[in-house]
Amino acid sequence: QVQLVESGGGLMQAGGSLRLSCAASGRTFSTRVMGWFRQGPGKEREFVAGIRSAGSTYYADSVKGRFTISRDNAKNTVYLQMNSLKPEDTAVYYCASNPTIWIASKSQYDSWGQGTQVTVSS
């Protein structure tokens, strides 16, 4: 399993931008699917974006065109660039790691970070 630490969360006004980072330990990082999930108050944890080792990506419909996931395998780091933020983006954001090929299936992720809070004001 991979150890993950998120950073970059905080408070942002609607329409603003924020970039989350996830630092991963382990030399197998470059072979794994990496994903971002979020959990708002009273809601289930939901898939936001994922990226395969070679760079192919997949996004939830709610963030398409606004969020971009990327990775730097040399730095063992995955990023989530969030633009045009909306109040409904407010949630705890989690970085996760996945040893399979399935990007959007939450059950395939076996390592999770502690989460970072993102709050978007109206």
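**Strand E3.** Five of its seven residues are buried, so E3 is largely enclosed by the rest of the structure. Buried here means under 20% relative accessible area with a 1.4 Å probe, protein chains only.

**A note on the model.** I am reading a predicted model, where local features need pLDDT of at least 70 and side-chain atom pairs count only at pLDDT 80 or more, while totals for chains, interfaces and linings use all residues. Residues are numbered from 1 along each chain as its sequence is written, and side-chain values use heavy atoms, with hydrogens and water left out.

**Partners of E3.** I looked up its pairings (two strands pair if DSSP finds at least two bridges between them). Strand E1, residues 4–7, runs antiparallel to E3 and is joined to it by four bridges; Glu6 has Cys22 as its bridge partner there. E3 and E8 are also antiparallel, with six bridges, and Leu20 is partnered by Leu80 in E8.

**The core.** Which of its 33 residues touch the most other members? They are Trp36, Leu80, Met82 and Tyr93. Strands that each supply at least two residues of this core include E3 (18–24) and E8 (77–82).

**Tyr93.** I then listed its contacts (heavy atoms within 4.5 Å). Leaving aside neighbours within four places in sequence, Tyr93 is in contact with Glu6, Leu20, Trp36 and Leu80, among others.

Methods:
Core = buried A, V, L, I, M, F, W, Y, C linked by side-chain atoms within 4.5 Å. Buried < 20%, exposed > 50% of the residue type's maximum accessible area, 1.4 Å probe, protein only.
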